[in-house]
Amino acid sequence: MKKIMKKTFAITLAGAMLLGSTACGKSGETAKSDDASKPEELTEITLVLDWTPNTNHTGFYVAQSEGYFEEAGLKVNIIQPPEDGATNMVASGQAEFGIDFQDYLPPVFTSEEKIPVVAVATLIQHNTSGIISLKEDGIESPKDMEGKNYATWELPIEQATLKKVIEDDGGDFSKVNLIPEYVENEPAALQQDIDAIWVYYAWAGISCKQAGLETNMFFFKDIDEVFDDYSPVIITNSDWAEANPDTAKAFLEATKKGYEFAINDPDKAAEILCKQVPELDKELVKESQEWLSPQYKAEVERWGYIDQARWDRFYKWLSDNELSDPIPDGYGFTNDYLPE
């Protein structure tokens, strides 16, 4: 599930550095117990999610439940985001790690003032989003969206993506009925006035299936490789990470163990997530986890790995279409903190 919001980054560099140094002072690697006879205290860090807990986040909850964070010397506070998202908290030093999406990060990377945010891992190796619709509406490919009601977030990148895939399929984007609506209940919306919704299949698609709906779904990554962007990613405060590399690596090592647990045993991982977040629908979580677990690493050997060619390709498309100022090749992410 992806939280859609229009983000603002009203963070001055001085303010970000001040708050970042405060955070480092609280949870940096140099903090030691004054009494050598006492057990070493856990380093406390905060992870802010992108939305309410779901199977995108299972690895974190597994790592917490199975003691992987504690074994790494960490106490990790997992919190839900404020209205303006996780990135502002990470940039200002209020959280060491957060969850965001590659397509939301260009304003950070192109800001006139350096904002200390960098992506350090991807949660899912490929983009699992696309357009879902009822089978009876006959939307089998992008051009079939002509004359249909699409629930739009009214975001430039969103609409430019749709325009490209529809026109490349021989359709006319201007003939799509754009209905400004943020859909929270996809099965209900599809049975009312909305014909097509941009969703992440692992949650919304499974939800529609469990509601008994017969649907069609096309994935953007299958239509054009440029849209196989990284979604979602783990971000950190780059200033904090440079000052605390061992803590950053320990967090990602423990997180990797959590996601590899979910890959190897999705049923047990689903149980852990539901136990940690009891308000979740257990049947939805179980089926979602079964579908998503193979997607975490897909074909790569190294969990969390971000491929520069894919990263750069998406940002080049944005700049070529005047959706973002240019972002230098290789800028905005690093694999340096990932476990081998």
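Two strands are taken as paired if DSSP finds at least two bridges between them. In this predicted model, strand E1 (residues 43-48) and E2 are joined by six bridges and run parallel.

Strands E1 and E2 belong to an open sheet of five strands, ordered E2-E1-E3-E10-E4, with mixed pairing. Its edges are formed by strand E2 (74-79) and strand E4 (117-122), each of which pairs on one side only. On average, neighbouring strands of the sheet are turned by 30 degrees against each other, direction ignored.

The largest nonpolar core comprises 49 residues. The members touching the most others in this core are Leu47, Phe60, Phe97, Ile234, Phe251 and Leu252. Helix H11 (residues 245-264) makes the greatest contribution to the core, supplying eight residues. With residues up to four places away in sequence not counted, Leu252 touches Val120, Ala121, Ile234, Trp303, Tyr337, Leu338 and Pro339. Another core, of 43 residues, lies apart from the largest one and includes Tyr104, Leu155, Tyr230 and Trp311.

How values were computed: Residues numbered from 1 in each chain as written. Predicted model: local features only at pLDDT ≥ 70, side-chain atom pairs only at ≥ 80, totals over all residues. Heavy atoms only, no water. Core = buried A, V, L, I, M, F, W, Y, C linked by side-chain atoms within 4.5 Å. Buried < 20%, exposed > 50% of the residue type's maximum accessible area, 1.4 Å probe, protein only. Helix = DSSP H or I, 4+ residues; strand = E, 2+ residues; numbered from the N terminus. Contact = heavy atoms within 4.5 Å. Axes fitted to C-alpha atoms, helices over the stretch in contact; angles between N-to-C directions.
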